[in-house]
Amino acid sequence: MKNLELAKVLNQIADLLEIKEENPFRIRAYRKAAQNLEDISSEDLEKLVREDRLTEIPGIGHDLALKTKEFLSTGKIKLHQDLLKKTPAGFLELIAVPGVGPKTAKLLSEKLKIKDINQLERYAAAHKIAGLPGLKEKTEENIVKGIEFLKRTRERTPLAVAYYTANHVVAQLKKISGVNKISPAGSLRRMKETVRDIDILVTSVHPKKVMDGFVNLSLVQEVLAHGVTKASIRSSEGIQIDLRVVEPSSFGAALAYFTGSKEHNIKLRKMAVKKGLKINEYGVFRVKSGRKIAGKTESGIYEIFGLPFIPPEMREDLGEIEAGLKGKLPGLIEMGNIKGDLHVHSDYSDGADSVEDIARACQKMGYQYVAICDHSQSLSIARGLSPKELSKKIDRIKKLNKKLKKIRVLVGTEVDILGDGSLDYKDEILKQLDFVIAAIHTGFKQTEKQLTDRTVKAMKNRYVHAIAHPTGRLMEVRDAYKIDLEKIFKVARDTNTALEINAFPARLDLNDRACQRAKENGVRLVISTDSHTISQLNNMFFGVSVAKRGWLEKKDILNTLPLEKFFKAIKHR
Ligand code: DGT
Ligand code: CA
């Protein structure tokens, strides 16, 4: 988990350099390196050091490799410490508020001596911020909204961060002798898009050894509780992790109980009462005799109720128990069903890797195709392609496809939906492409009608195959923009335009519930990663989890189809 910690430090260095109005290229280099470390959060940095391969990480050159080693051996970076010393108290907390950049934070701390968010909130409420040089009423409003957003999102951790943290802890715990069964539970096991804390269950013949090992893991920042069968810690990223040791004969019952959701558990408990049974984290018991009739395995528990095993992703009491009783649980999509990624950025625009390298990586993942969808011309910040550059790219990819035998590269674009709903390339260009995914990247503050109309207009274009990240939310940065999804679903169905489940961990957009509604409306979806580096291709897994939580099956997802069938299924022109 050192990767994420180091990324945090590098991002802070970038923030601190920004306050000092340092060279923007230097600042960008730190941010890029941080981003790349986040991308490879499952890789072991210490191992890379031992193998002298640190500089293979994109964005990590000689200097950052030295700083990485410094961080791994001392837990700190001197530059960071020096910058912190020169920074007014509370400064970093202020810039964590969306809408407060380094310049505003500087004003707030110098002119008003604001040191923390609570103080900032009071000043904003008393309208004491508007009127500072360059700060208007609108800034004040945005600060109030930003604080509300921050408080709301801080309580929960995005799934991907929690997932990699839990994997790391599970791997460490497995090294302790005497650990037998081990599994995450809670909202993480249900693959909910954010989690409040991480719950882990183990069985062991040496509970004490496991507990002692757990509270001494290197990621532990603070030990919150250290008992015989339960311990809680706070990790260096600030996530609480609870570990419980349970009896092997109760492992299934504990897993079912602590996986939840609470609502799912309550429904099972009501069913138990009707059958003269009692269910808890130790097992299922007959009330009269007290005899235990299930508990060792989870499927054993469900069997008692006449239910098949219910996938954790579905356990939200949204009809899964009723469907299970009728034998009508859907066969959920699996990672292995995915035949291609349809939204990948290459070094033609703002991606890090060449088309050929991406293609080979996708081949290794077992895919049959990959659509390279770089940004379109008006998105210059992301190095969008001019029509001329796009033509060149088409020619080059045609040649590349002759060379690549086992995977087909589809020439695509992520075309911008402009403010008035027109597209950023003319139809003559779009029609030359294998796959066109359209997206909104600007004008998020338009009205619901405007944003809906823009998307509808894009879907009505015969060359647009899919809409990328249809609600625009970016976790920990901004909420979804206002859009009438019910209308989008109807038009998507009528125009045979697919909607994307964007698997990028901060997006997961469409979300689980929207997926379910889309399916009910007869809409077909695609799951794609929006990768900007090869390592991000692995995020497909999180997109598949969203689909599972939305009850989606293989047949609902277009990129489960082999290439020829895929071409037949997407929008006809
Ligand atoms: P989170 O942590 O808010 O992301 O969501 P969960 O679902 O992981 O919730 P958590 O950690 O409070 O509890 C883990 C599981 O334990 C929960 O999914 C179901 C079970 N559980 C907790 N409290 C209760 C309760 O009062 N009644 C029942 N039936 N189950 C509970
Ligand atoms: Ca939990």
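This is a predicted model: local features need pLDDT of at least 70, side-chain atom pairs count only at pLDDT 80 or more; totals for chains, interfaces and linings use all residues.
Helices, in the sense used here, are DSSP runs of H or I with at least four residues, and strands are runs of E with at least two, each numbered from the N terminus. In these terms, Ser 261 is found in the loop between α13 and α14.

The shell around ligand 1 consists of 16 residues, of which Arg 156, Ser 187, Arg 190, Arg 196 and Arg 269 are the closest. Polar side-chain atoms of several arginines approach the ligand. In the case of Arg 156, an N or O atom of the side chain is 2.7 Å from an oxygen atom of ligand 1. For Arg 190, the separation between a polar side-chain atom and an oxygen atom of ligand 1 is 2.9 Å. Arg 269 places a polar side-chain atom 2.5 Å from a nitrogen atom of the ligand. On its own, ligand 1 has 590 Å² of accessible area, and the protein covers 76% of this. Two or more residues of the shell are given by each of the elements α11 (186-189), β4 (197-204), α13 (251-259) and α14 (262-274). Classified by residue type, the shell comprises 7 charged, 6 polar and 3 nonpolar residues. Ligand 1 lies between domain 2 (157-245) and domain 3 (250-325), because both domains give residues to its shell.

A search of the whole structure for cavities of 30 Å³ or more returns 1. The volume of the largest cavity is about 40 Å³. Its lining is formed by Leu 159, Met 191, Glu 193, Leu 508, Asn 511, Asp 512, Val 546 and Arg 549. This lining divides into 4 nonpolar, 3 charged and 1 polar residues. Since domain 2 (157-245) and domain 4 (335-570) both give residues to the lining, the largest cavity lies between these two domains.

Several features of the backbone were also identified. The peptide bond from Gly 260 to Ser 261 is cis, with an omega near -5 degrees; as stated above, Ser 261 belongs to the loop between α13 and α14. Both of these helices, α13 (251-259) and α14 (262-274), are among the elements that give two or more residues to the ligand shell. A cis peptide bond also joins Asp 509 and Leu 510, where omega is about 5 degrees. Leu 510 is situated in the loop between β16 (498-502) and α22 (512-520). Leu 508 and Asn 511 are among the residues that line the largest cavity. Finally, Asp 317 adopts a positive phi of about 50 degrees, although this residue is not a glycine. Asp 317 is located in the loop between α15 (298-304) and α16 (320-325).

Terms used:
Residues are numbered from 1 along each chain as its sequence is written. Chains are lettered from A and ligands numbered from 1 in the order in which they are written. Side-chain values use heavy atoms; hydrogens and water are left out. A residue is near a molecule or strand if one of its heavy atoms lies within 4 Å of it. A polar contact is a pair of N or O atoms within 3.5 Å; within protein, one must be able to donate a hydrogen and the other to accept it, and residues adjacent in sequence count only if both atoms are side-chain atoms. Accessible areas come from the Shrake-Rupley method with a 1.4 Å probe; for residues, only the protein chains shown count as cover. Ala, Val, Leu, Ile, Met, Phe, Trp, Tyr, Cys and Pro count as nonpolar, Asp, Glu, Lys and Arg as charged, and the others, Gly among them, as polar. Domain bounds come from an automatic or database domain assignment. On a 1 Å grid over the protein atoms alone, a cavity is a set of points where a 1.4 Å probe fits but cannot get out, and a pocket is an open set with protein on both sides within 12 Å along at least five of seven lines; lining residues have an atom within 4 Å of a point. Grid points are joined across faces, edges and corners, and a volume is the space filled by probe spheres set on the points.
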